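This report goes through one structure, beginning with a detail of the backbone and ending with the surroundings of the ligand.

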Amino acid sequence: MSNSFDRHRRLRKTAAIRDMIRETHLRVEDLMYPLYVQHGQNVREEIRSMPGVYHLSIDEYRREIQEISELGIRSIILFGIPAHKDDQSSEAYAEAGIVQQAVRAAREENPDLVIATDVCLCQYNPAGHCGIVHDGIIENDSSLELIAKTALSHAQAGADIVAPSDMMDGRIAKIRETLDAKGYQDTILLSYAVKYASAFYGPFREAAHSAPAFGDRKTYQMDPANYREALREAASDLAEGADMLMVKPAMAYLDVVRTLRDRYDVPIAAYNVSGEYAMIKAAAERGWIDEQAIVTETLTGIKRAGADIILTYSAKDVANWMKQGKF
Ligand code: PBG
């Protein structure tokens, strides 16, 4: 028969051939593991909609750091659940705040761990918004000072990476200027540059007790329908001094990940968020899907789209599977 068509199946003939030509390889080093820390002792409370993910007090969290380090996980991102909320979000930047304590504790448990912190105000004020609220308005410019103060306090505690997730305009420039002025030129700025107003954050808001008390986040987080706007957000944050850019959520926004990868030379992160994790866990519990296969396919897809770093609650599962040679 003539060669009137291409023989793609030649390269799929055996497992060895497929392994040889595989283009994308997921590594444990690609994964950043989110952790939720709170005050108290002996607290290890599973989050209802996120099986396998816990609220941890510092003592339990120290054990967790040891466990993930043994599994080969190299980086974490910290979310704090404060003891008190107030209008000034004061626990967000307190020296003895929960995230600041957690940064120091992680450094003690594993000096080589890459420690990132989520920088935001929403968990820390009663309005549950990412900026300061005055007369029902989420103010931009007056929020920048407190957001920068929060980032600085994380850097002072020893964070390697600060990751602002508030979506206020101008925060990257303000944080960079504040860090540099205090001698933290080497603290890395990972911007949640492209963060959509997404229903996929539902389980997180329950976990972090950070659901907005009124309204929604649509005046600062992006409309899921917009792509060109994502490019404008990314360009602004790079011009303001971001070292790395994040897209969030991941699965429904891989077109944006791909474009940022092609357009910019900085590392790109994608956040495989709480709702994405919850959906897979729920379906797996019912026996409707094969969890390992789905997680592997999902994370490989995110990497294939161009992400260098994937923030995922599945990091421990993946590291375990890799350890058992099941990956
Ligand atoms: C706080 C913040 C959120 C997430 C990370 N940082 C929630 C939100 O913006 O409402 C979501 C994380 C997740 O869903 O896994 N600003």
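## Backbone exceptions in loops

In this predicted model, Asp-135 counts as exposed because it has 5 C-beta neighbours inside 10 Å. Asp-135 sits in the loop between strand E6 (132–134) and strand E7 (137–139), and its phi is positive, about 50°, although it is not a glycine. Most residues other than glycine have a negative phi, and most peptide bonds are trans.

Met-167 is another non-glycine residue with a positive phi, about 70°, and it is found in the loop between strand E8 (161–164) and helix H5 (171–181). Met-167 counts as buried, however, because it has 24 C-beta neighbours inside 10 Å. A cis peptide bond, with omega about -10°, joins Lys-248 and Pro-249; Pro-249 belongs to the loop between strand E10 (244–248) and helix H8 (254–263).

## Overall fold

The protein contains 11 helices and 12 strands, and its C-alpha trace spans about 75 × 45 × 40 Å along the principal axes. The radius of gyration is 20 Å, which agrees with the value near 20 Å that a compact globule of 327 residues would have.

Of the 327 residues, 46% are buried. Among contacts with a separation of 6 or more, 73% are between residues 24 or more positions apart.

In soluble globular proteins, nonpolar side chains tend to be buried together. Here the largest nonpolar core has 100 residues, and Val-37, Ala-269 and Ala-270 are those with the most contacts inside it. Helix H4 (residues 141–157) gives the most to this core, contributing 8 residues.

Leaving aside residues up to four places away in sequence, Ala-270 touches Met-246, Val-247, Ala-250, Val-257, Ile-302, Ala-307 and Ile-310.

## Helix H9

Helix H9 (residues 274–285) has 12 residues and reaches 16 Å from its first C-alpha to its last, close to the 16 Å expected at 1.5 Å a residue. Its buried residues are Ser-274, Gly-275, Glu-276, Tyr-277, Ala-278, Ile-280 and Lys-281.

The cover over these buried residues includes strand E3 (50–57), helix H6 (202–208), strand E11 (268–272) and helix H10 (291–304). After H9 comes Gly-287, with a positive phi near 75°.

## Around the ligand

The residues around the ligand are Asp-118, Cys-120, Cys-122, Cys-130, Ser-165, Tyr-201, Phe-204, Arg-205, Arg-217, Val-273 and Ser-274. By class, this shell comprises 6 nonpolar, 2 polar and 3 charged residues. Ser-274, one of the residues around the ligand, is also among the buried residues of H9.

How values were computed. Residues numbered from 1 in each chain as written. Predicted model: local features only at pLDDT ≥ 70, side-chain atom pairs only at ≥ 80, totals over all residues. Near = placed C-beta within 6 Å. Nonpolar A, V, L, I, M, F, W, Y, C, P; charged D, E, K, R; others polar. Core = buried A, V, L, I, M, F, W, Y, C linked by C-beta atoms within 7 Å. Buried ≥ 20, exposed ≤ 12 C-beta atoms within 10 Å, placed from the backbone. Helix = DSSP H or I, 4+ residues; strand = E, 2+ residues; numbered from the N terminus. Contact = placed C-beta atoms within 7 Å. Rg over C-alpha atoms; globule rule 2.2 N^0.38 Å. Expected span 1.5 Å × (residues − 1).
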